[in-house]
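Work through the exercises below with the structure in view. Each task is followed by a solution in steps.

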Amino acid sequence: MTERSLDIAAVRAFVRIAELGSFTRAAEVLHTTQAAISLKLKRLEDRLGFRLIERTPRYVELSARGAAFLGQARELLAAHDRALSVAAEGRQRLAIGISEHVAGPELPALIARMNAADPQLLIEIRIASSGDLLQSFDRRELDTVIVRLHAGRDDGQVLTKEKFGWFAAPGWQHRAGEPLPLATMAQPCGVRAIAEQLLDESGIPWTEVFVGGGVMAVAAAVMAGLGVAALSPRMLPFGAVDAGPRLGLPALPQLPVLLHTRVRDGRKRDALTALGAAFRSAVKG
């Protein structure tokens, strides 16, 4: 019987394509080109003797045999990475801070992507306001922070930009002649400051009716019918509606998500690259 060894790099390329649903994003995570990723996949398919990915003009999809092979491929990569880590001097630690307005419901999937990129990496994640996280970053308590644009700073790498709206519960109505009731995050909060400034500039009277210690609390107040809140659509429960156009509220700008990091290379950087690619996919999705 002819020996059929598999190229680990090709297997890793296949797994990344399957996880990210894109040749382009897989190439970004693996620091290579889309052409190189395609070539690795073709060689792996030739080696196995069957097609792993069904390609269409709009998306990529696992074939039936590709879906069956995916679990085995992950096990192979995990065993390979464990073998390489035997000689390593303990686990490396990566401490990440993520802003309340950035960490959404997809966070478990993002953590899973980072773990898949390096199962031996010790990941620590802290959720707080952008201002608090940036202070911790400057004190070197965190290796990396992912935050909203913060007043007074022009550093950081833009990961993506995200739209915001004025969200309310279905059927909620603003009482004529009364100030606009707002549910907001506790100070300091950059999104809150932008929203209140836009209302003031538009001459729209408003009043705070709820202050939450986190986005989940603010979203709960919105769905309870207390008022409106400036939030990203992905942060809200199903059914919330953008009441801005109906109420004549000023349009909220797209707000950037910034990556601040001291990590430049090595295993930690690979994990951060996987996180950034997965996060951009989640926001655009």
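**Exercise 1.** How many aromatic pairs does the count come to?

*Solution.* This is a predicted model, in which local features need pLDDT of at least 70, side-chain atom pairs count only at pLDDT 80 or more, and totals for chains, interfaces and linings use all residues. Residues are numbered from 1 along each chain as its sequence is written, and side-chain values use heavy atoms, with hydrogens and water left out. Rings of Phe, Tyr and Trp (its six-membered ring) pair if their centres lie within 6.5 Å; planes under 30 degrees apart count as stacked, over 60 as edge-to-face and the rest as tilted. The count by this rule is one aromatic pair. Phe14 and Phe69 form it, with 5.6 Å from centre to centre and 35° between the planes, so the pair is tilted.

**Exercise 2.** Which parts does the pair of Phe14 and Phe69 tie together?

*Solution.* Phe14 belongs to helix 1 (residues 8-20) and Phe69 to helix 4 (residues 64-85), so the pair links parts 55 residues apart in sequence. Helices here are DSSP runs (H or I, at least four residues), numbered from the N terminus. Phe14 and Phe69 are both buried, that is, under 20% relative accessible area with a 1.4 Å probe, protein chains only.

**Exercise 3.** At what angle do helix 1 and helix 3 pack?

*Solution.* Helix 1 and helix 3 (residues 34-48) pack at about 110°, and their axes are 8 Å apart. Axes are lines fitted to C-alpha atoms over the stretch in contact, and angles run from 0 to 180 degrees between N-to-C directions. Helix 1 and helix 3 are therefore roughly perpendicular, the term for 65 to 115 degrees.

How values were computed:
Helices (H or I, at least four residues) and strands (E, at least two) are DSSP runs, numbered from the N terminus. Buried means under 20% relative accessible area, exposed over 50%, partly exposed in between (1.4 Å probe, protein chains only). Angles under 35 degrees count as roughly parallel, over 145 as roughly antiparallel, 65 to 115 as roughly perpendicular and the rest as oblique.
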